[in-house]
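Let's take a walk through a protein model together. Have a look at the sequence and the 3D picture first, then read on.

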Amino acid sequence: ADPGDLVKLDKLVERIDREGGYSEGFVKEMHIFQVELKDFFNATGLDDSAKQIAKEDPSLGGTVDTLLRLKAGASDPFEQLVALTELRRRV
């Protein structure tokens, strides 16, 4: 698995949720797998930390939103790094 698989899995889970017609057990296991894969790549740790920072200091909300939007959209890794660097600079 590589980090690109997270994006593919997120899209697959969205489709499964949207289309329906899958067994409850299958849907539940896909959601569990999604959480486990994110944990494996530590993809949620940064998101959770950034959200907590924005909660503690609302003036950083825009910077955090930019970072999270770039991460969720699987944008260019350099753009994500620039956004993360900006957040670190402001904290």
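Predicted model: local features only at pLDDT ≥ 70, side-chain atom pairs only at ≥ 80, totals over all residues.

**A tour from the outside in**

Residues are numbered from 1 along each chain as its sequence is written, and side-chain values use heavy atoms, with hydrogens and water left out.

Now for the overall layout. The chain has five helices and zero strands, where helices (H or I, at least four residues) and strands (E, at least two) are DSSP runs numbered from the N terminus. Read along the sequence, that gives the pattern α-α-α-α-α. The C-alpha trace spans about 45 × 25 × 20 Å along its principal axes. Take the contacts between residues at least 6 apart in sequence, with contact meaning heavy atoms within 4.5 Å. Of these, 44% join residues at least 24 apart.

What about the inside? Of the 91 residues in the chain, 23% are buried. Here buried means under 20% relative accessible area, exposed means over 50%, and partly exposed is in between (1.4 Å probe, protein chains only). In soluble globular proteins, nonpolar side chains tend to be buried together. To look for that here, we use nonpolar cores: sets of buried Ala, Val, Leu, Ile, Met, Phe, Trp, Tyr and Cys residues joined through side-chain atoms within 4.5 Å.

Which residues make up the largest nonpolar core? There are eight of them: Ala50, Ala54, Val64, Leu67, Leu68, Leu70, Ala83 and Leu87. Helix H3 (43–56), helix H4 (61–72) and H5 are the elements that give two or more residues to this core. H4 gives the most, with four residues. Zoom in on Leu67 and you'll find that, not counting residues up to four places away in sequence, Leu67 touches Gln80, Ala83, Leu84 and Leu87. There's also a second, separate core of six residues, including Leu6, Ile16, Met30 and Leu37.

Gln80 sits in helix H5 and counts as buried because its relative accessible area is 19%. Leaving aside neighbours within four places in sequence, Gln80 is in contact with Leu67, Leu70, Lys71, Ala74 and Ser75.

Next come the charged pairs. How many salt bridges does a search of the whole structure find? The count is three, a salt bridge being a side-chain nitrogen of Lys or Arg within 4 Å of a carboxyl oxygen of Asp or Glu. Lys71 meets Asp47 in one of them, at 2.4 Å from N to O. Lys71 lies in helix H4 and Asp47 in helix H3, so this pair ties together parts that are 24 residues apart in sequence. Lys71 itself is partly exposed, at 22% relative accessible area.

Arg15 is partly exposed at 36%, and Glu19 is partly exposed at 48%. Then there's Glu86 with Arg89, whose side chains meet at 2.6 Å, N to O. These two are three residues apart in helix H5, so about one helical turn separates them.

Phe78, Leu81 and Val82 make a nonpolar patch of about 310 Å². Patches are made of residues with over 30% relative accessible area and no salt bridge, with like charges joined within 9 Å and nonpolar side chains (Val, Leu, Ile, Met, Phe, Trp, Tyr) within 5 Å. Phe78 is in helix H5 (residues 77–90) and counts as exposed because its relative accessibility is 56%. Asp76 has its place in the loop between H4 and H5, and at 39% relative accessibility Asp76 is partly exposed. From Asp76 to Phe33 is 43 residues in sequence and 25 Å in space, C-alpha to C-alpha.

Notes:
Areas by Shrake-Rupley, 256 points an atom, 1.4 Å probe, with all protein chains shown as cover.
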